[in-house]
Amino acid sequence: GDKDETASLFMKSSGVIAGCPFFDAIFSELHCNVEWKKNEGDDVHLEPKERVEIARVDGKARRLLLGERPALNCLARASGVATRARRLRRLADTHQWSGQLAGTRKTTPGFRLVEKYALHVGGVATHRYDLSSMVMLKDNHVWSVGGISEAVQSARRLAGFSMKVEVECRTLAEAREAGRAGADIVMLDNFDVEELHATAKTVKADFPSILLEASGGITEDNIADFFGPDIDVISMGSATQGYSTVDFSLKIDKKAS
């Protein structure tokens, strides 16, 4: 009903807290007030069955119940993405690789903003938010105009000087053609590890200013194999696919009888 109540937000599994602005926005729409006891980006470690209060929410009982599920959904999923992203960034730091880890556009339909934001909280670059963020020429684009050089030239005419052009390449020959055509970024897609590093070394020697991105089949388990001195960016769809969520619950305080 319309009785004033206070609810505690409990974190019940370990992870990186992310999604606080979405949690706040949901309850703000319902005229509830949120007071946080932990900060966005905090890495919280809990023992099994342990829980910790991370926020308090004040408002009408009915409004607390209306906001509970969508707010928890945002928090649980964002925290899951941020937790994986933080692990990936730590792996890169452990191997002293200074390049950029990045997500992709392989996000949950309708949930891209939350998941991209969570990558940022976890320390991983968001890559393109949508098709307007950068020109990326994939195989279908290249084939439709006849070749890499033609595709890059066409993209340059339309995008002008202010937008970067990236080309997806599957061979050393394609990467060299993209470099000669003036691509800013070359994606080395679905290369095996040895071929990837050999190709990257050759392309960097020919085109030192080009950014090289490794992508395709990269997971948390094998990412260390892709770290290398000539790789500038590693992008991975698994950063926002198949992640585990972090467990939260919202409990209205019991009144003393």
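**Entry 1: the open sheet**

In which sense do strand β1 and β12 pair, and over how many bridges? I am working with a predicted model. I looked up β1, residues 4-11, and found that β1 and β12 pair in the antiparallel sense over 5 bridges. One position I noted is A7, which stands opposite I252 in β12.

Next I looked at the helices on this sheet. I found that α1 packs on the sheet and touches β1, β3, β5 (52-60) and β12. The direction of α1 makes about 155 degrees with that of β3. I then checked α2, which also packs on the sheet, touching β1, β3, β5 and β12. Its direction makes about 165 degrees with that of β12.

I then wrote down the strand order. The sheet is open, has 4 strands and runs β3-β5-β1-β12, with antiparallel pairing. Which are the edge strands? They are β3 and β12 (248-252), as each pairs on one side only. From one strand to the next, I noted that the twist averages 20 degrees.

**Entry 2: strand β8**

How many residues of strand β8 are buried? I checked residues 165-169 and found that 5 of the 5 are buried, so β8 is largely enclosed by the rest of the structure. I also looked at the two faces. On one side V165, V167 and C169 are buried, and on the other E166 and E168 are buried, so both faces are covered.

I turned to the neighbours of β8. Strand β7, residues 135-137, pairs with β8 in the parallel sense over 3 bridges. Here M136 stands opposite E166 in β8. Strand β9, residues 185-189, also runs parallel to β8, and 4 bridges join the two. I noted V186 in β9 as the bridge partner of V167. How does the chain cross from β8 to β9? I followed the chain through helix α6, residues 172-181, and this β-α-β crossover is right-handed.

**Entry 3: aromatic pairs**

I reminded myself that a pair of aromatic rings is described by the distance of the centres and the angle of the planes. I found 4 aromatic pairs in the structure.

I looked up F23 and W36. Their ring centres are 5.3 Å apart and their planes stand at 65 degrees. Planes over 60 degrees apart count as edge-to-face, so this pair is edge-to-face. F23 lies in helix α1 (residues 20-29) and W36 in strand β3 (residues 33-36), so the pair ties together parts that are 13 residues apart in sequence. Is F23 buried or exposed? At 0% relative accessibility, F23 counts as buried. W36 is partly exposed, at 23%. I also noted that F23, F27 and W36 form one aromatic cluster.

My next pair was W97 and F227. Their ring centres are 5.1 Å apart and their planes are at 25 degrees, so the pair is stacked. The two residues are 130 residues apart, and the pair links distant parts of the chain. W97 is in the loop between α2 (61-94) and β6 (100-102), and F227 is in the loop between β10 (211-215) and β11 (233-235). W97 is buried at 6%, and F227 is buried at 12%.

**Entry 4: charges over rings**

Last, I looked for charged ends over rings. The charged end of R51 sits over the ring of F10, 3.7 Å from its centre. I also found R112 over the face of Y129, at 5.8 Å from the ring centre.

How values were computed:
Residues are numbered from 1 along each chain as its sequence is written. This is a predicted model: local features need pLDDT of at least 70, side-chain atom pairs count only at pLDDT 80 or more; totals for chains, interfaces and linings use all residues. Side-chain values use heavy atoms; hydrogens and water are left out. Rings of Phe, Tyr and Trp (its six-membered ring) pair if their centres lie within 6.5 Å; planes under 30 degrees apart count as stacked, over 60 as edge-to-face and the rest as tilted. Buried means under 20% relative accessible area, exposed over 50%, partly exposed in between (1.4 Å probe, protein chains only). A charge sits over a ring if NZ of Lys or CZ of Arg is within 6 Å of the ring centre and within 35 degrees of the ring normal. Two strands pair if DSSP finds at least two bridges between them. A crossover is right-handed if, with the strands pointing away from the viewer, the path from the first strand over the helix to the second runs clockwise. Axes are lines fitted to C-alpha atoms, for helices over the stretch in contact, and angles run from 0 to 180 degrees between N-to-C directions. Contact means heavy atoms within 4.5 Å.
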